[in-house]
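Reader: I've got this one open on my screen and I'd like a close look at a single part of it. Could you walk me through the sheet?

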There are 2 protein chains.
Amino acid sequence: MDRSAEISGMFFSAQEEIVAALQDGESKRFAASGWERAGFGHGLTHLVEYGEVLERAAVNVSLVRGDHAPPAITEGHGRLDREGLPFRATGLSMIVHPRNPYAPSFHANFRYFEVGDQEWWFGGGLDLTPVYPFPEDCGHFHRTLKSWADRHPHGDYDSWKPACNSYFYLPHRQEMRGVGGVFFDHLTLPGEAPDGLLPLIREGLATIVPAYLPLVHRRAATPYGQRERDWQMARRTRYVEFNLIYDRGTQFGLQAGVNVDSVLMSMPPAVGWSIEHIPPADSVEGRVAEFLRPHDWAGATTPTLATTA
Amino acid sequence: MDRSAEISGMFFSAQEEIVAALQDGESKRFAASGWERAGFGHGLTHLVEYGEVLERAAVNVSLVRGDHAPPAITEGHGRLDREGLPFRATGLSMIVHPRNPYAPSFHANFRYFEVGDQEWWFGGGLDLTPVYPFPEDCGHFHRTLKSWADRHPHGDYDSWKPACNSYFYLPHRQEMRGVGGVFFDHLTLPGEAPDGLLPLIREGLATIVPAYLPLVHRRAATPYGQRERDWQMARRTRYVEFNLIYDRGTQFGLQAGVNVDSVLMSMPPAVGWSIEHIPPADSVEGRVAEFLRPHDWAGATTPTLATTA
């Protein structure tokens, strides 16, 4: 069984639609760059930097295969006996760092693995990282994800949301990286082909644009000054700290020693550590840290955040 | 035996002199902040940010003690049986990120540990991280360090230099963080008190200013534009990547969960990951990566770098 090429086609197709949606409203053009290595695989990245709306946005799809599954693929799966077997892997990953500090950053990833002849699984996640969290934005994002997961028998918002919170947590800061989303891994149908999960994944990919892009368009023109830009630089330090210290995908990519700049595509184009970026507790910015703890975003009542200084 | 308070006095005294030297030529004043926790220890940080010459400079001294030495103190020392014994630790650490891209960043650290009743050792290092490496600057830095180490029977430039190169190496980039310096650890005199090493350490502290500051003053007024600033942002990504992924001191500090902002004092106030920061191989910037490999900086002939674009 090798369904990886077919499923990569679904990812490449979603990439096209996502990039088109991101391009709509961004005057600077995305640039595409591809790579191919015989016997290993191929990939395509669409990237824009220093755009009017998007300070950095990248959507990447790749399909790779190998004769010996590395530990990073199989560990955590509870099936270490699969290590060293032939594998195929395909995935879509994307990151958006908008320029306006009132527009949240966003990350999404869908991936499909096959190991040996029988075993396959999906993983994925979408999460939101606001600089100034608006409860209505967080609510829209989470409700859209929940609505997608609830439409599918194998969707499970109630366990995917806490899994996301657990994953995107910075122990040394005792903070979330953002306001979470959903995160799942090792999703399979034992003894079946992946077809039964394709509607869930296909619609998950189609959920990226409606879950996130309205929040960018809603905030892209909000006036801001140096204070908001400074706070954005400060919040982005958490993004860097998380990805370099904790993120398994980043660590795997760096250890594998492939294209470092692709692995670190998720990093922000401008960020800064500064004592002056540490805000007073009673300022709007000071309350954001408190706000950036796990909340029931999809619930009927969303948490509130006092937004006056 | 508890010599830690006395040795911390040497560090506090050196801090005063180093901060005075950094302040000389910097119009913005350093600010001091201290902390003290009964039964645990105390510390003092001098910091300036967004100065005319110094974009960020910090000099930190602390003295701490505890009833149970954590693994991070004893591991690598080859004496794991000392884990859990009472310990005292004191150290000076400092970082300078100049504003001008032609002036190199600098890091230095001297530390003293006592575990149990008998065991003590020093560790330390000084290293230089240029954005545009000038061979004469690297040569001055290394020759000054070598001259210090050569004056002392327990100084060992020839093994401390490769140790520094090994430590400040980024495997995923196959690059040095900078042009190295010296790095030593677990330096002790078996069966003796630490007195025999005090001249080495005292003069090492006194070497910080003459080894580094002339390079800042030499380059602080060199004109530069956006291209040089962009390349500085790009090189600083290596600093962030090294400290968050590999640096043992940073990892220990974050795991111990003390003051995160103090632990991350070394991070630059402005940095950015960008595809546009990847220079062509035949540009000055493109040749810097090649230059940033281990060289015999203290030797008679210094490596050359073509500095025309």
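This is a predicted model: local features need pLDDT of at least 70, side-chain atom pairs count only at pLDDT 80 or more; totals for chains, interfaces and linings use all residues.

In what order do the strands of the open sheet in chain A run, and is the pairing parallel or antiparallel?

Author: The open sheet in chain A has 7 strands, and reading across you get S1-S2-S3-S4-S5-S6-S9, with antiparallel pairing. At the edges sit S1(A), residues 31-37, and S9(A), residues 180-187, each of which pairs on one side only. Going from one strand to the next, the twist averages 5 degrees.

Now zoom in on S2(A) and its partner S3(A), residues 54-66: these two pair in the antiparallel sense over 9 bridges.

H4(A), residues 157-167, touches S6(A), residues 119-129, and S9(A). The direction of H4(A) makes about 105 degrees with that of S9(A). Then there's H5(A), residues 198-219, which also packs on the sheet and touches S4(A) (87-98), S5(A) (105-115) and S6(A). The direction of H5(A) makes about 170 degrees with that of S5(A).

One last thing, about the other chain. The contact between chains A and B takes 24 residues from each of them. Strand S2(A), residues 41-49, is among the elements giving two or more residues to chain A's side, along with helices H6(A) (226-245) and H8(A) (260-263). The largest share, 4 residues, comes from H6(A). By class, that side of chain A has 15 nonpolar, 4 polar and 5 charged residues.

Technical notes
Residues are numbered from 1 along each chain as its sequence is written. Chains are lettered from A and ligands numbered from 1 in the order in which they are written. Two residues are in contact if their C-beta atoms, placed from the backbone, lie within 7 Å. Ala, Val, Leu, Ile, Met, Phe, Trp, Tyr, Cys and Pro count as nonpolar, Asp, Glu, Lys and Arg as charged, and the others, Gly among them, as polar. Two strands pair if DSSP finds at least two bridges between them. Axes are lines fitted to C-alpha atoms, for helices over the stretch in contact, and angles run from 0 to 180 degrees between N-to-C directions.
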